Amino acid sequence: MRPHRALARGVVVLLLYAWGAHAAADVPVRATTALRLATLAERIAKLHAQVGQGVLADRSRRALGESAREFDATLKEIAAHAPTPELRDNYALLTLLWQDYREWAARTPTRDNARKLRSRTEEVVWIAAKGAKLIQENARSATNASAVRAETAAMLAQRIAKVHLWMRWEIRDDALVQELREADDNLHRTLETLRKSPGETEEVAAELQSVESQMRFMDDAGRSLERHESGTRAIEFIAKTGDHVYESMERLARLYEGGP
């Protein structure tokens, strides 16, 4: 166990005393909001690599700061209203892991720093996804399954782009190759499930059609990178289409939940 992970677990109980008195169970926490923390963690790692590699650098730098601030605000909101002791425990741990993750994400984006960020990304994403699962189980009747799938697709789009960027930085091993393959398979499977879902509105259909077009660009760019063709152009396509899919799926999650 790495020192920072051991420290996180060691002080969880202390944080629970502070949060336990302030948790407001009457304020619902959506599973999609909780899952968005995992999406943002993947996005921060992706943007960190984009800045380091000069891919859409100015835009990526702004988005990196915005994503970190959104993670901060979302985590505080969820932690303040976590309805069960298990969830409060989960978000106490996530808060500590996030502090370490945020520090590394703020460092100069280099290949070596990205290697160190990798394990921290895995931890934050895993604990954030666990929290979303617990919230979904705690309020199953109030959870919209299609909205959760849409948020999952947003996360996977960022993960795919992140892995391609890391691989371009020569961060490559069997585990990362498997992560890319599974993310790609799961994203296509999730989109297919959403396309077959009943009760589709015109607005939802239009977003799904847009995502389908973007996925073709992403798949083509991914194949070009694997063949080592048009590296700079292909990685920009990956970055852009990953963001287009991410933005469309975030809009879809809100549509499925009936929000603006």
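**Labels and their grounds**

Biologist: How do you know how far to trust the coordinates?

Modeller: The model is predicted, and confidence is scored from 0 to 100. The mean pLDDT of the protein chain is 89, with 88% of its residues at 70 or more. Residues 3-27 have a pLDDT below 50, and in the model this stretch has 35 contacts beyond near neighbours in sequence. Where pLDDT is low, the coordinates should not be read in detail.

Biologist: Why is the pair Arg36 and Glu70 called a salt bridge?

Modeller: The cut-off is 4 Å between a side-chain nitrogen of Lys or Arg and a carboxyl oxygen of Asp or Glu. Arg36 and Glu70 have N and O at 2.5 Å, so the pair falls within the 4 Å limit. Arg36 lies in helix H3 (residues 31-53) and Glu70 in helix H4 (residues 57-80), 34 residues apart, so the pair links distant parts of the chain. A search of the whole structure finds 22 salt bridges.

Biologist: What makes Arg36 buried or exposed?

Modeller: Buried means under 20% relative accessible area. Arg36 has 14%, so Arg36 is buried. Glu70, at 29%, is between 20% and 50% and therefore counts as partly exposed.

Biologist: What separates Lys133 and Glu137 along helix H6?

Modeller: Lys133 and Glu137 are 4 residues apart in helix H6 (residues 111-138), which means about one helical turn. An α-helix has 3.6 residues a turn, so residues three or four places apart point the same way. The closest N and O atoms of the two side chains are 2.5 Å apart, and the pair forms a salt bridge. Glu137 is partly exposed, at 39% relative accessibility.

Biologist: Which helices are linked by the salt bridge of Arg251 and Glu207?

Modeller: The N to O distance of this salt bridge is 2.7 Å. Glu207 has a relative accessible area of 14% and is buried, whereas Arg251 is partly exposed at 35%. Elsewhere, salt bridges with shared partners join Glu42, Arg159, Lys162 and Glu179 into one network.

Biologist: How do you know that the length of H10 agrees with its residue count?

Modeller: At 1.5 Å a residue, the 26 residues of H10 should span 38 Å, and the end C-alpha atoms are 37 Å apart, so the two agree. After H10 comes Gly258, with a positive phi near 80 degrees.

Biologist: What makes the phi of Leu56 worth a remark?

Modeller: Most residues other than glycine have a negative phi. Leu56 is not a glycine, yet its phi is positive, about 50 degrees. Leu56 sits in the loop between H3 and H4. Glu170 also has a positive phi, near 65 degrees, and is found in the loop between helix H7 (145-168) and helix H8 (174-195).

Biologist: What makes the side chains of Thr32 and Glu257 a polar contact?

Modeller: The limit for such a pair is 3.5 Å. The side chains of Thr32 and Glu257 make a polar contact at 2.9 Å. Thr32 is in helix H3 and is buried, with a relative accessible area of 7%. Beyond four places in sequence, Thr32 is in contact with Ala147, Val148, Glu151 and Glu257.

Biologist: Where is Ser197, and what lies 2.9 Å from a polar atom of its side chain?

Modeller: Ser197 is in the loop between H8 and H9. The backbone oxygen of Thr193 lies 2.9 Å from a polar side-chain atom of Ser197. At 14% relative accessibility, Ser197 counts as buried.

Biologist: Which residues touch the most other members of the largest nonpolar core?

Modeller: Tyr91 and Met249 do, in a core of 78 residues. H3, H4, helix H5 (85-105), H6, H7, H8, H9 and H10 each supply at least two residues. H7 gives the largest share, 14 residues.

Conventions
Residues are numbered from 1 along each chain as its sequence is written. Side-chain values use heavy atoms; hydrogens and water are left out. Buried means under 20% relative accessible area, exposed over 50%, partly exposed in between (1.4 Å probe, protein chains only). The expected span of a helix is 1.5 Å times one less than its number of residues. pLDDT is the predictor's confidence in each residue, from 0 to 100. Contact means heavy atoms within 4.5 Å. A polar contact is a pair of N or O atoms within 3.5 Å; within protein, one must be able to donate a hydrogen and the other to accept it, and residues adjacent in sequence count only if both atoms are side-chain atoms. A nonpolar core is a set of buried Ala, Val, Leu, Ile, Met, Phe, Trp, Tyr and Cys residues joined through side-chain atoms within 4.5 Å.
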